[in-house]
Amino acid sequence: FGIFAVVRAIRQRSDTISTDKQRASFGEFRARRLERPLLALLLGSYTPLAVVAFQLLNCRLVADQYWVLSSALAYPCSGPQYGRYQAAAIALQVVLVAGLPVALMALLYVLRGKRDEPSVVARFGVLYECYRGDWYAYELVVLLRRVALAILGSFIQDTGVQQLCLAIACVVIAGVQVFASPFLTP
């Protein structure tokens, strides 16, 4: 239900975009100018925030007796303090790790027929400008591969196994990208 409400709101907002020169209030003009850099900032900070969200749930056994956070060995994986970390990690995973790709998918779906309009390119072009037309939603693939690498890097404890899994994942990702060839320039 929530996804449909987001899609409906985005569709209503995108229907108000026109290619004609519109007179907008100063606040609306400023908000439109900030959408593109804020979207780029969000996409750039996605991986570090996803890694933190996964690391806050990653516990390991120390001295065959205590479960502690792998990223902060001073914090036990029990008690009220860990409960706060766990709640923050789950909120980050729901809102950011899962929510951002779903929201971008909905946005790109709504804008699929209007991608070439100057006002849409100015506001949301950072999502698809560098990709060929048939691969306009490839940014979702990029986000999903970032999450996959964050999961592999966060939850595999053995360094050798972790490096092997990350190397295999990188080879598969590179193969998919070479096969798909989504970018405008080689």
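**Figure legends: close-up views of a predicted model**

**Figure 1. Overall fold of the protein chain.** The secondary structure of the protein chain comprises 6 helices and 2 strands. The model shown here is predicted. Along the sequence, these elements follow the pattern α-α-β-β-α-α-α-α. The protein chain has 186 residues, of which 27% count as buried. Its accessible surface comes to about 11,600 Å², with 66% belonging to carbon and sulfur atoms. Among contacts in the protein chain with a separation of 6 or more, 61% are accounted for by residues 24 or more positions apart.

**Figure 2. Packing of helix 3 against helix 5**. Helix 3 spans residues 79-110 and helix 5 spans residues 138-155. The two pack at an angle of about 170°, and their axes are 10 Å apart. Because angles over 145 degrees count as roughly antiparallel, helix 3 is described as roughly antiparallel to helix 5. Helix 3 contributes V97, L100, P101, L104, M105 and L108 to the contact, while helix 5 contributes L140, L143 and V147. By class, this contact has 9 nonpolar residues, with no polar and no charged residues.

Figure 3. Leaving aside residues up to four places away in sequence, N58 touches V68, L69, S70, S154, F155 and Q157.

**Figure 4. The aromatic pair of Y131 and F183**. The structure holds 5 aromatic pairs. In the pair formed by Y131 and F183, the ring centres lie 5.2 Å apart and the planes meet at 40°, so the pair is tilted. This pair links distant parts of the chain, 52 residues apart: Y131 is in the loop between helix 4 (118-124) and helix 5, and F183 is in the segment after helix 6 (159-180). Y131 is buried, at a relative accessible area of 6%, whereas F183 counts as partly exposed at 31% relative accessibility.

**Figure 5. The aromatic pair of W135 and Y138, and the ring cluster**. W135 and Y138 form an edge-to-face aromatic pair, 5.8 Å centre to centre and with 85° between the planes. W135 counts as partly exposed, with 29% relative accessibility, and Y138 counts as buried, with 2%. Through ring pairs, Y131, W135, Y138 and F183 are linked into a cluster.

Terms used. Residues are numbered from 1 along each chain as its sequence is written. This is a predicted model: local features need pLDDT of at least 70, side-chain atom pairs count only at pLDDT 80 or more; totals for chains, interfaces and linings use all residues. Side-chain values use heavy atoms; hydrogens and water are left out. Axes are lines fitted to C-alpha atoms, for helices over the stretch in contact, and angles run from 0 to 180 degrees between N-to-C directions. Helices (H or I, at least four residues) and strands (E, at least two) are DSSP runs, numbered from the N terminus. Angles under 35 degrees count as roughly parallel, over 145 as roughly antiparallel, 65 to 115 as roughly perpendicular and the rest as oblique. Contact means heavy atoms within 4.5 Å. Ala, Val, Leu, Ile, Met, Phe, Trp, Tyr, Cys and Pro count as nonpolar, Asp, Glu, Lys and Arg as charged, and the others, Gly among them, as polar. Buried means under 20% relative accessible area, exposed over 50%, partly exposed in between (1.4 Å probe, protein chains only). Accessible areas come from the Shrake-Rupley method with a 1.4 Å probe; for residues, only the protein chains shown count as cover. Rings of Phe, Tyr and Trp (its six-membered ring) pair if their centres lie within 6.5 Å; planes under 30 degrees apart count as stacked, over 60 as edge-to-face and the rest as tilted.
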